[in-house]
4 protein chains.
Amino acid sequence: MKSLKYLTWKIINFRDARDWKQFHNPKDVAISLVLEASELMAHFQWKNNLEIKKHIATNKMEISEELADIFYWVLLMSHDLDINIAEALEKKLKKNEIKYPVEKSRGKHTKYNKL
Amino acid sequence: MKSLKYLTWKIINFRDARDWKQFHNPKDVAISLVLEASELMAHFQWKNNLEIKKHIATNKMEISEELADIFYWVLLMSHDLDINIAEALEKKLKKNEIKYPVEKSRGKHTKYNKL
Amino acid sequence: MKSLKYLTWKIINFRDARDWKQFHNPKDVAISLVLEASELMAHFQWKNNLEIKKHIATNKMEISEELADIFYWVLLMSHDLDINIAEALEKKLKKNEIKYPVEKSRGKHTKYNKL
Amino acid sequence: MKSLKYLTWKIINFRDARDWKQFHNPKDVAISLVLEASELMAHFQWKNNLEIKKHIATNKMEISEELADIFYWVLLMSHDLDINIAEALEKKLKKNEIKYPVEKSRGKHTKYNKL
């Protein structure tokens, strides 16, 4: 798989070739993240588990594109705010390991503040 | 930066140690993506550009965590649906290069179907 | 039940007493609608139908408040943009009656463009 | 303006004529609220205040329809969960009057827990 550095470079290249940085303020970029996540979610609405399984099988490309759109904005915002997203993820996982100790949280979908 | 493969492996490890796969159906995972993207967006609400700049300067860790949360779910869903997210992103960029030709879209925030 | 006119008047009174109109531009108000709808949705995440039923029984006040928050922003935006929301709803229903003819759409969750 | 009771009755009539109640579980209805709020928000993305003003002037019907869609789901969910939405709104306003005392919150977009 291509590296995060390479993918970020491709995205910024794509963006800058179109002179779109001027529009990419954090508020509107965050709106993009919500809109793309909503489009992904719409794929699964009104469907039960079996229907979702079938839908994924026949719409894998569309779903991949929605995930790619979200990923695009994650990398773009990380770049623009000078955030090392790999490092941020590892830090967050470490924090969550403390918030959700294995023994207390195993097999439960309870929020950490109610564990 | 750590590779996408490594980060995905860490996420799935974290998840499976807690036996949470049973909850991670696509509908609820997509809901997570929307919720995390909304939390990120909330950081920028009611603020003008200057206030946003200041807010980012003093809340960089919180914002990094929100982006990390979104990234977490992107990688988890890609893993569970067997989607190569790096490849999906490159494909989407290629598609967008056609949808948004440089000459037509430079400096404009017009949607492709209105270009 | 109180009338839409009365409820709108109460909301605008509450807002104007705090001099908040200056913040209520359409972009940030629409963000509020998304954030409040997300909070409502979070109540039902990770839960199956039975768990949702139980959750509603024990959290009815919280859920009512989330719905009230959404309703608040619907009425506020309608007021600020000078939209008669009751009329808008009736018009939309008429449109949907044509988009979703009873015979074609009965018992199906298919979108109108795929009916 | 038509009453909330009448509008709710129209909505439930529309729904039941199509036998759609079977799909209207709280999770999917809440997803609808998020999706419709997102569509409304999309109208204002990438635009500055002046562009938003112009956009509203030329797209008032579309924006009214988005607001009507959100209103539709608020009334439908209130009906299905047996929530008196007018009463819920008045209660929430009373609560917010305490959370946001006029003297402390006037002219500020600060969250109540930071006032």
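These legends describe close-up views of a predicted model. Local features need pLDDT of at least 70 and side-chain atom pairs count only at pLDDT 80 or more, and side-chain values use heavy atoms, with hydrogens and water left out.

**View 1. Chains A and C are related by a turn.** With copies superposed by least squares on the C-alpha atoms of residues with pLDDT of at least 70 in both, chain C can be laid on chain A with an RMSD of 0.0 Å by a turn of 180 degrees and a shift of 0.0 Å along the axis. The two copies are thus related as by a two-fold rotation axis, and in chain C the C-alpha nearest that axis belongs to C:Ile31, at 4.1 Å.

**View 2. A salt bridge joins A:Lys95 and B:Glu65.** In this salt bridge (a side-chain nitrogen of Lys or Arg within 4 Å of a carboxyl oxygen of Asp or Glu), the closest N and O atoms are 2.5 Å apart. The pair crosses between chains, from helix α5 (residues 85-99) of chain A to helix α4 (residues 60-80) of chain B, where helices are DSSP runs of H or I with at least four residues, numbered from the N terminus. A:Lys95 is partly exposed at 36% relative accessibility, whereas B:Glu65 is buried at 17%; buried means under 20% relative accessible area, exposed over 50%, and partly exposed in between, with a 1.4 Å probe and protein chains only.

**View 3. A salt bridge joins D:Lys27 and B:Asp28.** The closest N and O atoms of this pair are 2.9 Å apart, and both D:Lys27 and B:Asp28 are buried.

Terms used:
Residues are numbered from 1 along each chain as its sequence is written. Chains are lettered from A and ligands numbered from 1 in the order in which they are written. Helices (H or I, at least four residues) and strands (E, at least two) are DSSP runs, numbered from the N terminus.
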